[in-house]
Amino acid sequence: ANIALYIQDQEVAKSILSKFSLSIFEEDNIKEFVQLQSLYGVSWCLELLDLWKSKNSGYYSRDSIKEDFDKVIRKLLSQGTDKKIALYLLENQINNRIEDNKSTLRASPVEIKRSMADRITALKQLINVCDVLQDEQTTQKLMNYVISNTGLYPEHDLGNMIIKAQTSTEN
């Protein structure tokens with residue numbers, strides 16, 4: 001990513017960065033991405049994200065942020081990333097979660113139960129980012145999905161998640 005900053009040519013930089021993917025978003029690389037946004041603009045960054053997304057669109061190659069998603073988004077925003085970019089990443093993460101869950105729906109009840117903690121953790125991170133971005137449409141999409149998939153997100157587990165969230169905000 002550093003080379004793309006020094007070149008100062010949008011097309012050459014995009015060509016170099018096209019070899020990467022959304023998994024580049026780790027805490028160590030956020031500063032460089034924000035610098036790319038400052039140098040080439042928000043539209044250029046969104047085009048780059050589209051390029052990465054289209055390059056990795058197959059079932060086994062779906063691309064998403066691997067680290068704690070909510071922490072990565074908070075850091076991106078705190079360092080000056082435009083909200084449009086954060087919203088793009090949130091929508092991509094939600095869509096990937098929905099696609100991943102399609103295979104989970106075909107799993108055995110034991111496997112669905114076994115993967116519950118990971119789904120709830122991912123859901124918490126998505127909700128945290130929705131809260132930070134305050135985008136009603138994206139939040140509604142996520143909530144509608146969760147509510148309509150009680151096999152993946154049973155009411156009991158959602159209730160426990162809400163109680164824990166309330167307890168942590170009261171302390």
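Both Tyr145 and Tyr153 are buried, where buried means under 20% relative accessible area, exposed over 50% and partly exposed in between, with a 1.4 Å probe and protein chains only. The model is predicted, and local features need pLDDT of at least 70, side-chain atom pairs count only at pLDDT 80 or more, and totals for chains, interfaces and linings use all residues. Residues are numbered from 1 along each chain as its sequence is written, and side-chain values use heavy atoms, with hydrogens and water left out.

**Aromatic pairs**

Rings of Phe, Tyr and Trp (its six-membered ring) pair if their centres lie within 6.5 Å; planes under 30 degrees apart count as stacked, over 60 as edge-to-face and the rest as tilted. By this rule the structure has two aromatic pairs. In one, the ring centres of Tyr40 and Trp44 are 4.6 Å apart and the planes stand at 40°, so this pair is tilted. The other joins Tyr145 and Tyr153 in an edge-to-face arrangement, with 6.3 Å from centre to centre and 75° between the planes. Tyr40 and Trp44 are buried.

**The chain as a whole**

The protein chain contains 10 helices and zero strands. Here helices (H or I, at least four residues) and strands (E, at least two) are DSSP runs, numbered from the N terminus. Along its principal axes the C-alpha trace spans about 55 × 40 × 25 Å. Of the 171 residues in the protein chain, 40% are buried. A contact means heavy atoms within 4.5 Å. Among contacts between residues at least 6 apart in sequence, 79% join residues at least 24 apart.

**The nonpolar core**

A nonpolar core is a set of buried Ala, Val, Leu, Ile, Met, Phe, Trp, Tyr and Cys residues joined through side-chain atoms within 4.5 Å. The largest one has 44 residues, and Phe25, Leu49, Leu89 and Leu90 have the most contacts inside it. Helix H6 (residues 83–105) gives the largest share of this core, eight residues. Leaving aside residues up to four places away in sequence, Leu89 touches Leu22, Phe25, Leu49, Ile65, Phe69, Ile73 and Leu76.

The expected span of a helix is 1.5 Å times one less than its number of residues. Helix H8 (residues 116–133) has 18 residues and reaches 26 Å from its first C-alpha to its last, close to the 26 Å expected. Its buried residues include Met116, Arg119, Gln125 and Cys130. H8 is followed by Gln134, with a positive phi near 55°. Gln134 sits in the loop between H8 and H9.

Helix H9 (residues 136–147) has 12 residues and reaches 16 Å from its first C-alpha to its last, close to the 16 Å expected. Thr138, Leu142, Tyr145 and Val146 are the buried residues of H9. Seen down the axis of H9, these residues fall within an arc of 100°, so they line one face of the helix; the arc is that of the directions from the helix axis to the C-beta atoms. An α-helix has 3.6 residues a turn, so residues three or four places apart point the same way. The face of H9 turned away from its buried side carries the exposed residues Glu136, Gln137 and Ile147.

**Selected residues**

The table gives the relative accessibility of several residues.

| Residue | Relative accessibility | Class |
|---|---|---|
| Cys45 | 0% | Cys45 is buried |
| Cys130 | 5% | Cys130 is buried |
| Lys14 | 13% | Lys14 is buried |
| Val110 | 54% | Val110 is exposed |
| Gln134 | 57% | Gln134 is exposed |
| Gln8 | 58% | Gln8 is exposed |

A search of the whole structure finds zero disulfides, a disulfide being a pair of cysteine sulfur atoms within 2.5 Å.

Lys14 lies in helix H2 (residues 10–17). Not counting residues up to four places away in sequence, Lys14 touches Trp44, Glu47, Leu48 and Leu51. Gln8 is in the loop between helix H1 (2–7) and H2. Although Gln8 is not a glycine, its phi is positive, about 55°. Gln134 is likewise not a glycine and has a positive phi of about 55°.

Val110 belongs to helix H7 (residues 109–114). Val110 and Lys84 are 26 residues apart in sequence and 39 Å apart in space, C-alpha to C-alpha.
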